[in-house]
Amino acid sequence: FLKDITSSISAELKKILFYFSVIIPLILIEFIPMIGAVITLVFGTLFSFFYNALDYLDYPLTRRMAGFREKLKTVNSKRMLSYGFGAMAFILTFIPVINVFMNPILVAAGTSLFYEKKYL
């Protein structure tokens, strides 16, 4: 039990560090007049798509005891499928009231996508 807890916390900390390692430079780029806003909008949106896919595909990958690098490689292995799923998750979580119910549905959808499209 203790081993599962430590590995789970470690995996989430790695995910958070990865998130901040991308978001903080994007925030700093935002300070560049005019062009910073465009760069941040484009790359921030694409990163949000990627991170949503990583977040919801993380559940079956964690069950298989995949490391963080393996999770990144898995999401990148079918890039367009992952970005499409991440984009829909991104959009669905922006709808007020419905976003509360979307998290369990997106977890099930990510797990189903993982096993149907045979990511590994």
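Colleague: Is Ile24 buried, partly exposed or exposed?
Modeller: Happy to walk you through this one, which is a predicted model. Ile24 sits in helix α1. Buried would need under 20% relative accessible area and exposed over 50%. Ile24 has a relative accessible area of 45%, so the residue is partly exposed.

Colleague: How much accessible area does the nonpolar surface patch have together?
Modeller: Ile24 is one of the residues in this patch on the surface. Other members include Phe1, Tyr19, Phe20 and Phe31. Together, the patch residues have an accessible area of about 1,300 Å².

Colleague: Does Lys73 count as buried or exposed?
Modeller: Lys73 lies in helix α3, which covers residues 68-77. The cut-off for exposed is over 50% relative accessible area. Lys73 reaches 64% relative accessibility, so this lysine counts as exposed.

Colleague: Which element gives the largest share of the largest nonpolar core?
Modeller: This core has 22 residues, and Phe18, Phe50 and Leu54 have the most contacts inside it. Two or more residues come from each of α1, α2, α3, α4 and α5. The largest share, 8 residues, comes from α2.

Colleague: Which residues does Phe50 touch, leaving aside those up to four places away in sequence?
Modeller: Phe50 is among the residues with the most contacts inside the largest nonpolar core. Beyond those sequence neighbours, Phe50 touches Phe18, Leu72, Val75, Asn76 and Tyr83.

Colleague: Which helix has the highest mean pLDDT?
Modeller: The protein chain averages a pLDDT of 92, and 99% of the residues score at least 70. Among the elements, helix α1 has the lowest mean, 92, while the highest, 95, belongs to helix α4.

Key: Residues numbered from 1 in each chain as written. Predicted model: local features only at pLDDT ≥ 70, side-chain atom pairs only at ≥ 80, totals over all residues. Heavy atoms only, no water. pLDDT = per-residue confidence, 0-100. Helix = DSSP H or I, 4+ residues; strand = E, 2+ residues; numbered from the N terminus. Patch = residues over 30% accessible without salt bridge, like charges linked within 9 Å, V, L, I, M, F, W, Y side chains within 5 Å. Areas by Shrake-Rupley, 256 points an atom, 1.4 Å probe, with all protein chains shown as cover. Salt bridge = Lys/Arg side-chain N within 4 Å of Asp/Glu carboxyl O. Buried < 20%, exposed > 50% of the residue type's maximum accessible area, 1.4 Å probe, protein only. Core = buried A, V, L, I, M, F, W, Y, C linked by side-chain atoms within 4.5 Å. Contact = heavy atoms within 4.5 Å.
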